[in-house]
Amino acid sequence: MIRKLKIKFVALAMTALFALLAVIVVGMNLINYHSVVQEADAVLSVLSQNKGAFPDFGSGPNNHLPPNMSPETPYESRYFSVFLNESGEVVLTDTSKIASVDSEAAAAYARTIVEKQSVQGFLDEYRYIFRSEPNGFRITFLDCGRSLASFRKFLVASTGMALMGYVVVFFVIFFFAGRIIRPIAESYDKQKRFITDAGHEIKTPLTIISANVDILEMELGENESLADIRQQTERLRSLTDDLVMLTRMEEPGNTMQKIDFPLSEVVAEAAHPFRTLAIQQGKEFVCHIQPMLSLNGNDKAIQQLVAILLDNALKYSPYGGTIALNLIKQNKVVHLSVFNTAATEIKRESLGRVFDRFYRTDASRSSETGGHGIGLSIAKAIVTAHGGKIQAGTQDGRSFQITVVLPV
């Protein structure tokens, strides 16, 4: 359990860190990319409004430099434009401001844009804009190679730094995780030792009490008080045995002896006594067991698992209710499910706690149903020891079903 707790702690911390770094890296690069696009569109806007060329910003009262644009921009920018008539035929190309693109390449780029029917976007390293003009339309291209190269370098650098930081933090958290959860581990170990030691210490006085009750019954005869003492003594003995067994099953070094056994026969044998109990309590018992199923595990533990689930179903089903047991094999796993109609409404938020020790979905009925509230905890420990999974569910709040999945 402590090892699982350490793994969960590290996994949770690293998941949170990954989410944080992902938000930071993605956010920074989105802002960077938006800046590249915004600057390119600002230049293209000027070019498209002036027939694919920069105006003379130095002459005339209306030729002012656009906001956030450097005076060197007209000299640093590499661009070209293509004018097409209304039929989509190339009429004129202007590649005087770029050396890497000739007229044929410019015309090919323009035809690609026309086929895509796109007004604005990227084509290779070029940002383009489509603008209608008298007697046709013009597509202006701006070389964004250097800006995109800088963006890619920043993307790689930021991602690399984030990954390096993630790896470093992982080792730091993994190293200190043991120290962080050490108090919890010590508390858990003390709790287990206390339960085991107390269980052994309690057995002796319980045996003495039972012996004294026998003597008193021989001298005074049977009476209600002595019967109550015997009943509560047996209940306390059963609770002690269950707690000690559960503690031992949850120990990391505990290995359950496993053999291949006929699962169908074991489940049927364990379920048989509950059919009679269901009839006596006025309840319907439905049992469907797929024959000839086998399992590698502990047959006694599986019998106890079935008994716990059926006992729980009988306790919490009303008079005239239904209990159903199903055992089937699907692919490489065995599904064991126990269903019962519920006497009281079951809240979905309580389903995650039904396997906790001493937890009851309806605490008011504890005196009526008996038991100690740790049966399903033992069931979960048995399933976990067999490498399986167990979960509880309800369809409408008026039924309860426990499903066990065991690998074959």
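Visitor: Before we start, what counts as a helix or a strand here?
Guide: Helices are DSSP runs of H or I with at least four residues, strands are E runs of at least two, and both are numbered from the N terminus. Keep in mind that this is a predicted model.

Visitor: Let's look at helix 4. What span should it have, and what does it have?
Guide: Helix 4 covers residues 145-180, which is 36 residues, so at 1.5 Å a residue it should span 52 Å. Its end C-alpha atoms sit 50 Å apart, which agrees.

Visitor: Where is the kink in helix 4?
Guide: The kink is centred on F174 and comes to about 25°.

Visitor: Which residues of helix 4 are buried?
Guide: They are G145, L148, F151, S158, A162, I173 and A177.

Visitor: Switching to salt bridges: how many are there?
Guide: The count is 4. One of them joins R127 to D41, with the closest N and O atoms 2.8 Å apart.

Visitor: What does that pair tie together?
Guide: R127 is in strand 4 (residues 126-133) and D41 is in helix 1 (residues 2-49), so the bridge ties together parts 86 residues apart in sequence.

Visitor: Is R127 buried or exposed?
Guide: Buried, because its relative accessibility is 9% and the cut-off for buried is under 20%.

Visitor: Which residue does E125 bridge to?
Guide: E125 pairs with R152, and the closest N and O atoms are 3.1 Å apart. E125 lies in the loop between strand 3 (120-123) and strand 4, while R152 is in helix 4, so this pair links parts 27 residues apart in sequence. E125 is partly exposed at 28% relative accessible area, and R152 is partly exposed at 40%.

Visitor: What about D311, which residue is its partner?
Guide: D311 forms a salt bridge with K315, the closest N and O atoms being 3.1 Å apart. Both are in helix 8 (residues 299-315), 4 residues apart, about one turn of the helix.

Visitor: Last topic, cysteines. How many disulfides does a search find?
Guide: The search of the whole structure finds 0 disulfides. C144 is buried at 4% relative accessibility, and C287 is partly exposed at 29%.

Terms used:
Residues numbered from 1 in each chain as written. Predicted model: local features only at pLDDT ≥ 70, side-chain atom pairs only at ≥ 80, totals over all residues. Heavy atoms only, no water. Expected span 1.5 Å × (residues − 1). Bend = angle between axes of the 7 residues up to and from the residue. Buried < 20%, exposed > 50% of the residue type's maximum accessible area, 1.4 Å probe, protein only. Disulfide = S-S within 2.5 Å. Salt bridge = Lys/Arg side-chain N within 4 Å of Asp/Glu carboxyl O.
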